[in-house]
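Here are my notes on the model, point by point. Please read them with the structure open.

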Amino acid sequence: LYFIMPDLPSARRMMDDLLLARIEERHIHFLARRGMAMDGLHEANHLQKSDLVHGAQVGLALGALLGVVLGAVVVMTTATQDRWQIPIVLGAGLAGAIFGAWVASMVGSAVPNSRLKQFESAIADGRILVMADVPQYRVNEVRESLGARHPEAEDRGVDPHIPAFP
């Protein structure tokens with residue numbers, strides 16, 4: 001769930017209400033502009049602030065694909081025994097996947113999270129983004145409860161890219 005809170009006191013009240021709704025603190029994250037005091041709030045970590053995970057996923061897929069292609073080119077251009085052709089292609093694919101995930105995750109860690117781009121202007125204006133990981137079967141219940149208790153909150157919906165929370 002995503003909510004935009006106008007100030008720190010209302011964000012703290014939102015945190016209290018989420019805890020009362022039995023959402024664990026480790027599933028509640030806050031993001032504000034750099035330098036803003038976040039006392040009493042569970043600040044978003046580096047994985048949530050950056051595109052590290054997305055970069056690693058893309059790098060893994062592209063690295064594996066390019067590794068397999070490179071392995072196939074090596075097998076086709078060199079005289080290798082038949083029994084080594086498949087291991088060479090698979091090994092090159094594995095090496096490419098590992099290398100691609102590593103390089104792309106390094107790049108992704110330096111880039112802001114692309115999923116949070118829609119909240120940049122609100123954060124720059126001094127408001128606070130609340131991200132709560134809520135089990136799928138409780139999403140509507142928690143949204144309605146928080147909407148009733150926090151009329152100042154701007155409900156920004158649910159992230160459809162995240163798999164269902166256990």
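1. Asp 17 is buried, because its relative accessible area is 10%. The cut-offs used here: buried is under 20% relative accessible area, exposed is over 50%, and partly exposed is in between, with a 1.4 Å probe and protein chains only. Arg 149 forms a salt bridge with Asp 17, and the closest N and O atoms are 3.1 Å apart. A salt bridge requires a side-chain nitrogen of Lys or Arg within 4 Å of a carboxyl oxygen of Asp or Glu. The pair links distant parts of the chain: Asp 17 sits in helix α1, Arg 149 in helix α6, 132 residues apart. Arg 149 itself is exposed, at 55% relative accessible area.

2. On provenance: this is a predicted model, where local features need pLDDT of at least 70 and side-chain atom pairs count only at pLDDT 80 or more, while totals for chains, interfaces and linings use all residues. Residues are numbered from 1 along each chain as its sequence is written, and side-chain values use heavy atoms, with hydrogens and water left out. Helices (H or I, at least four residues) and strands (E, at least two) are DSSP runs, numbered from the N terminus.

3. How many salt bridges does a search of the whole structure find? It finds 4. One of them joins the side chains of Arg 13 and Glu 152, at 3.8 Å from N to O. Arg 13 is in helix α1 and Glu 152 is in the loop between α6 and β4, so this pair ties together parts 139 residues apart in sequence. Arg 13 is partly exposed at 43% relative accessibility. Glu 152 is also partly exposed, with a relative accessible area of 31%.

4. Arg 26 and Glu 24 meet through their side chains in a salt bridge of 2.7 Å, N to O. Arg 26 counts as exposed, at 56% relative accessibility. Glu 24 is partly exposed, at 43% relative accessible area.

5. Now the sheet. It is open, with 4 strands in the order β2-β3-β1-β4 and antiparallel pairing. The edge strands are β2 and β4 (154–155), each pairing on one side only. Two strands count as paired if DSSP finds at least two bridges between them. β1 and β3 pair over 4 bridges, and β2 and β3 also pair over 4 bridges. β1 and β4 pair over 2 bridges.

6. Some bridge partners to check by eye. Phe 3 partners Val 130 in β3. Ile 28 partners Ala 132 in β3. Ile 4 partners Glu 154 in β4.

7. Which residues of β1 lie on each side? Tyr 2 and Ile 4 lie on one side, Phe 3 and Met 5 on the other, and all are buried. In β2, Ile 28 and Phe 30 point one way and His 29 and Leu 31 the other, again all buried.

8. The largest nonpolar core has 22 residues, and Phe 3, Met 5, Met 14, Leu 18 and Phe 30 touch the most other members. Such a core is a set of buried Ala, Val, Leu, Ile, Met, Phe, Trp, Tyr and Cys residues joined through side-chain atoms within 4.5 Å. Elements giving two or more residues are β1 (2–5), α1 (8–20), β2 (28–31), β3 (128–132) and α6 (139–149). α1 gives the most, with 5 residues. Apart from this core lies another, of 10 residues, among them Ile 4, Leu 31, Ile 123 and Leu 129.

9. Two residues deserve a look at their contacts (heavy atoms within 4.5 Å). Leaving aside neighbours within four places in sequence, Met 5 is in contact with residues including Met 14, Ile 128, Val 130 and Glu 152. With the same exclusion, Phe 119 is in contact with Tyr 2, Ile 4, Leu 129 and Arg 156. Phe 119 is in the loop between α4 and α5 (120–124). Phe 119 counts as buried, because its relative accessibility is 0%.

10. Last, the surface. Phe 99, Trp 102, Val 103, Met 106, Val 107 and Val 111 form a nonpolar patch with about 590 Å² of accessible area together. Areas come from the Shrake-Rupley method with a 1.4 Å probe; for residues, only the protein chains shown count as cover. Patches take residues with over 30% relative accessible area and no salt bridge; like charges are joined within 9 Å, nonpolar side chains (Val, Leu, Ile, Met, Phe, Trp, Tyr) within 5 Å. Phe 99 is in helix α4 (residues 82–109) and counts as exposed, at 53% relative accessibility.
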